[in-house]
Amino acid sequence: MEPTYKNTKSFSKYLSEYAEQLIPNGTYDVKVVRVCDGDTVWGIFEVNGSFIRQKIRFRNIDTPELKSKDETEKNKAFEQKKFIEDLLMDKTVRVEVTGMCRYYRSLCSLYPDEFLWSKVEPNYKEKYAIVGGKDNMMELNEYMLHTGRAKKMQYKKRSWIFSIF
């Protein structure tokens, strides 16, 4: 299936230069090595025996921006970043890749295990029952929406997400 993308020239150039670094859709155990903000991290994927460092964008959510001029929003942004750092930094987490955004970040759902949740969310079991989960893991994206840590991503009329493989 050919990706739908408004600037196919730059996407074709990206594909030709970085094809070996694209992460195919699927489920991976990823080590988080850097937290950019409340909805973006860097992770190391193992794909076909190779290790690939890739930026991960949390699918379908949006958190406040760190570079905002509004002090209240900026404070919330730092709070969200700290939450993600406490939960994921230097940890291995289950990641479901569902595509790539226009900035060539892997779009993912993240599933921290029960041990990671218990460190930052004392009443994990009650939240898990409310939000739901997959394979005994609660989706971080849905949790952030449910608890007000993030807003639902509002996509423009023209979709900027496409599937890799």
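This is a predicted model: local features need pLDDT of at least 70, side-chain atom pairs count only at pLDDT 80 or more; totals for chains, interfaces and linings use all residues.
Arginine 53 lies over the face of tryptophan 42, at a distance of 4.2 Å from the ring centre. Colleagues, a charge is said to sit over a ring if NZ of Lys or CZ of Arg is within 6 Å of the ring centre and within 35 degrees of the ring normal. A further case involves arginine 149, whose charged end sits over the ring of phenylalanine 83, 3.8 Å from its centre.

Residues are numbered from 1 along each chain as its sequence is written, and side-chain values use heavy atoms, with hydrogens and water left out.

I turn to the aromatic pairs, of which the structure holds two. Rings of Phe, Tyr and Trp (its six-membered ring) pair if their centres lie within 6.5 Å; planes under 30 degrees apart count as stacked, over 60 as edge-to-face and the rest as tilted. For tyrosine 28 and phenylalanine 45, the ring centres are 5.5 Å apart and the planes stand at 80°, so this pair is edge-to-face. Tyrosine 28 belongs to strand β1 (residues 26–37) and phenylalanine 45 to strand β2 (residues 40–47), so the pair ties together parts that are 17 residues apart in sequence. Helices (H or I, at least four residues) and strands (E, at least two) are DSSP runs, numbered from the N terminus.

Are these two residues, tyrosine 28 and phenylalanine 45, buried or exposed? Both tyrosine 28 and phenylalanine 45 are buried, where buried means under 20% relative accessible area, exposed over 50%, and partly exposed in between (1.4 Å probe, protein chains only).

The other pair joins phenylalanine 83 and tyrosine 143, with ring centres 6.2 Å apart and planes at 20°, so it is stacked. Phenylalanine 83 lies in helix α2 (residues 71–88) and tyrosine 143 in helix α5 (residues 140–146), so parts 60 residues apart in sequence are tied together. Phenylalanine 83 counts as buried at 7% relative accessibility, and tyrosine 143 is buried at 1%.

Finally, the strands. Two strands pair if DSSP finds at least two bridges between them. β1 and β2 run antiparallel, joined by five bridges, and form a hairpin with two residues between them. Eight bridges join β2 to strand β3 (residues 50–58), again antiparallel. In the hairpin of β2 and β3, asparagine 48 takes a positive phi near 50°. Six of the eight residues of β2 are buried, so this strand is largely enclosed by the rest of the structure.
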